[in-house]
Amino acid sequence: MSTLVAEPPTVASGPAQVIDARVRPTREIVEAVLDRLPVTDRVYHHLDYSKPLVVELVERIRRAQRPPARVLLVGPDSLLAETLVSLGYAVDVWHFRQGHLTDEMLARVRADVTPERLAEGDLPPAEEPYELVAVPLVIESVPGSPATFLRALQRLVAPGGTLLVATTNVARLDLRVMSVLGRSTRSAYPSFHVSLSFPPLPRLRYYHREELLDLARQAGWRIRESAYVTAHAACSTIDPHPPLEYTLGQVAQGVMRVWPGARQAVLLELSPRLDGGDDGVGDTGYPSVSAVLAVRRGGEALREALAQLVQQDYPGDRYEVLVLLDGRRGGDEQIIRAIADQTNVPVRTIVADPPEGPAARNAAMRAATGAICAHTDDGCRIPNGWVRSIGAAFDETTSMLTGPVIEIRGSHPDFMVLPGTRLGWPEHELYPVFNVAYRRGLALAAGGFDESAVDGRARLPFAWDAELASRLRQLGWNGRYVKDMFLYRRYPPPARLAWIKEEWQLAAELPGVVRRMPELRPQLVTAGPFLATRTLFFDLLAIGVGAAAARRRLRWLWLGAPWLIQYVKYLDAWPPRQWRISARILAALAGRHLVWLGGLLAGSVRARRLAL
Amino acid sequence: MKIVFPYPNYWPYVRRGAERMIHELSTYLAGRGHQVEIITSKPGRPWVTYDGDVRVTYHGQISHPVMFHYYPLLRLYHFGLTATAQLFRQQHDVLHMMSYSEIVAAPLLRRWRSLPYLFHLIVREHWWPSRFDRWTFHQLMRRANKVAALTPKWAEHESAAYGVPVTVLPPPVDMNVFKPNGARDLSRPKVLFTADLGDPRKGGTLLLRAWDEIHRRCPEAVLVLAGPFGIAGFHPLATAYSTLGQLHVIRDPAARAAVELRGPGSVGGLPRLYAESAVTVLPSIDEAFGIVVTESLASGTPVVCSSDAGPGEIVSSPDVGATVPLFEQLDLFDSSRARELAEAVLYAIDLARRPGSADRCREWASQWSLERVGRQAEEMYEAMAASPRADRSAA
């Protein structure tokens, strides 16, 4: 027999009361609201069926905005709306004709909408922007691309507000299974279905999470969270199912619990992207560009780099060059003056000490007039077309560009530097300051390069220049890797024994960088916790040597074979006069690996992030 | 007197005729100073509450997809057991039981607890899947203090069928709740359908078939679908295949645009809907009474319904509405019936526009007023409570 809960005298169909939700879990709150909703039992069970999505949405709404924030719900079910009202939110509703709402929620309907109207971006006006807008299970019913709709929602969300979008996951478990079995997925796209919960709109198209993220970014949104969520129960308890069908449904729910990518819905938490103002940068025309050249070597290197910059094939009235120099070498100023006199491109100098670093780069960006700031230094050889490639590669969602860096012949060999830190043709996310371009207004609005990163340090820390790109990405802007934006760079060999300190510092800083900037992990940590197979093999060698010494068995040294094999290509076995050189190279490599291992271990302890 | 109404469904979870009748009678009796309790069930957690002065005990329901696949009546049996246990624990003077209340131990309650019971037949065709179900139903009929039906003709029929005297106790209509409110806009007449949208026997689909014609001849008319969506667990596919899933039978886009799907809304909003409408339509079959019809008439709104069964017995005058011959399932798919229904609805809209029509409807409905029916029920309870073990009589 069931246990009866005695309640004070109330009328069952009374209005929703505000719930003290400070300590109650969201699921409990939603269930309590559902339990008291004055709806018919079929509606109750439909709402119960889709309760998991409501719990997910309410959880995020509670996290994003506190009551009594103004919330707009586009096509909600009664449970979502009633729960938010009971929590004290000021709820407005846009209603679809096919949807079902309680009378209390119908009174909160501010506009009737259709998917067609949303697709055109023809949104009903709002008196003032909302702190939160939630759009559950609507995107998949919008004809054509939902980009226009998502863009139009921008004007409804207040600065600092939140947009929650939930939509069916095209990679959900049943669709995957149907595809694998070669069955038609047509039944998953009903043009008519009965729902007394979320509006039964015709399902036109489902989206993959990455596709949705791209759409959101294109529409000017910053991604705060994207998650796979369970949208509904295996089946409604009132719908008859034979045992096998029921069991399969429950098993599928269990699989989705442990395999998020197969869940029924994708939920995005978005906020308006940082606005850099109208800077005229777009798909067409020639945006104004300021090239910033930091003088690190001076002399001939400066002459060569500056000459290459002023000879770029870019309209002179849309282009300027700013040279960052420390002002200690008089010869550099003469070189700059001489080149500036021979060109119609404006060339300005900015004195900064040191001429390279976040403070100097920020000063240059503040002094620049171009909408785009392209950064390089005199260690690079800049091909003609570099600035044109930059001007053409920006679109409305891109805030920064980088491109390939090609070593100039005679550079210090790349296998002698810490893996992952030398750039080349492959795509990368490091946005090195000697080959990068930013939308100037956005970069400055985001705070520019982080000057606190070098406070009190004698040298620039590793990836100090990548942090700005990472920050802009978190603020909702895209970066692009543009193959045409290549340049050449000379990497001079380090002074004798100076490499030890340099490589140690680099290795010790890397774990911290990996921890702070997760997007760099794929580039810097490629094999589990290991930087590369090279370091993995060296660690094996170290284990082999240690074990051989401890066990006094030489066969443990075979663990070092992979490390040796991978470097064989750099060693000459014939003629014998090369043996000495090969041995020196091998010793140099072993020495570097030892330094890297030491630095990485020290850095891992400091950053609490293992990188080997 | 302590009067108890056990019934598996009640407001707000189910809003059909039986629940309305229980609400009206219990409220009337409570107003007369009796202690009234409704024992029912709900989805979710069980709880006890008060509907005005009436105590309502909601027991939990059992719901499971596999159960509904094989034996949906288990939910009724579960309710019957929990309600019976409560009835054995408590002391009442009269038990008002209805078809499908599932208190199969009512004869034992009568004998051991001196609890007389009225067995109220609220459906025309009782469906029982097993021999045991049928046997218990017969026992309940034979051993009841009183057996009642909703209309005179059906009382006569059941009396002949079961060989027991059957009296008439129609569902009451509260004339103070259902009344004209002056908000009717006859330049834009509303055609109201408040029956269950999930129950194919209510004839919603036939009304949709007729709607193209109605809208063609009266383009300003609006069809308001304001019924519930079926009882959970029963008729599982009915929702998709009845009214809600058949909107496509309206072919004219303009006619389809003139359909408002409101759903059941709130309990308190129904009287206003009736009062604002030009005509209420109930093209159902197998209807034991058709409480929609009396509620509409009390609100001053003419009706269109079947000429058969309960509604046919109520609407016997062209001054209060029109009837269409609907006798069996196939009639609900018949195009000629759809045309007749369209004619009837247009007639009723015209009727609503005639002066004095609302008063005539209301006067007609007063035959089933709560005061009249409530007093009759109260007298029956008093007679039963006075001699709980006495043999029944039809009077």
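Keep in mind that the model is predicted.

Let's start in chain A, with a sheet. Three strands form an open sheet there, in the order S13-S18-S15. The pairing is mixed. Which strands sit at the edges? They are S13, residues 380-381, and S15, residues 405-407, both of chain A. Each of these pairs on one side only. Now take S15(A) with S18 of chain A, residues 487-489. These two run in the parallel sense and share three bridges. One residue pair to find on screen: Glu407(A) has Arg489(A), in S18(A), as its bridge partner.

Stay in chain A and move to helix H14, residues 386-393. Which of its residues are buried? Trp386(A), Val387(A), Ile390(A) and Gly391(A). Look down the axis of H14(A): the buried residues fall within an arc of 130 degrees, so they line one face of the helix. There is a general point behind this. An α-helix has 3.6 residues a turn, so residues three or four places apart point the same way.

Over to chain B, and a pair of helices. H1 covers residues 17-31, and H15 covers residues 370-386. Their axes come within 10 Å and cross at roughly 75 degrees. That makes H1(B) roughly perpendicular to H15(B). Who meets whom? From H1(B) come Glu24(B), Leu25(B), Tyr28(B) and Leu29(B). From H15(B) come Leu370(B), Gly374(B), Ala377(B) and Glu378(B). By type, the residues of this contact are five nonpolar, one polar and two charged.

Last stop: strand S5 of chain B, residues 94-98. Is this strand enclosed or open? Five of its five residues are buried, so S5(B) is largely enclosed by the rest of the structure. In a regular strand, side chains alternate between the two faces of the sheet. In S5(B), both faces are covered. Val94(B), His96(B) and Met98(B) are buried on one side, Leu95(B) and Met97(B) on the other.

S5(B) also has strand partners. With S1 of chain B, residues 2-6, it pairs in the parallel sense over two bridges. Here Ile3(B) stands opposite Val94(B). With S6 of chain B, residues 117-121, S5(B) pairs in the parallel sense over four bridges. There, Met98(B) has His120(B) as its bridge partner.

Note on methods: Residues numbered from 1 in each chain as written. Chains lettered and ligands numbered in written order. Predicted model: local features only at pLDDT ≥ 70, side-chain atom pairs only at ≥ 80, totals over all residues. Pairing = 2+ DSSP bridges. Buried ≥ 20, exposed ≤ 12 C-beta atoms within 10 Å, placed from the backbone. Arc of directions from axis to C-beta. Axes fitted to C-alpha atoms, helices over the stretch in contact; angles between N-to-C directions. Parallel < 35°, antiparallel > 145°, perpendicular 65-115°, else oblique. Contact = placed C-beta atoms within 7 Å. Nonpolar A, V, L, I, M, F, W, Y, C, P; charged D, E, K, R; others polar.
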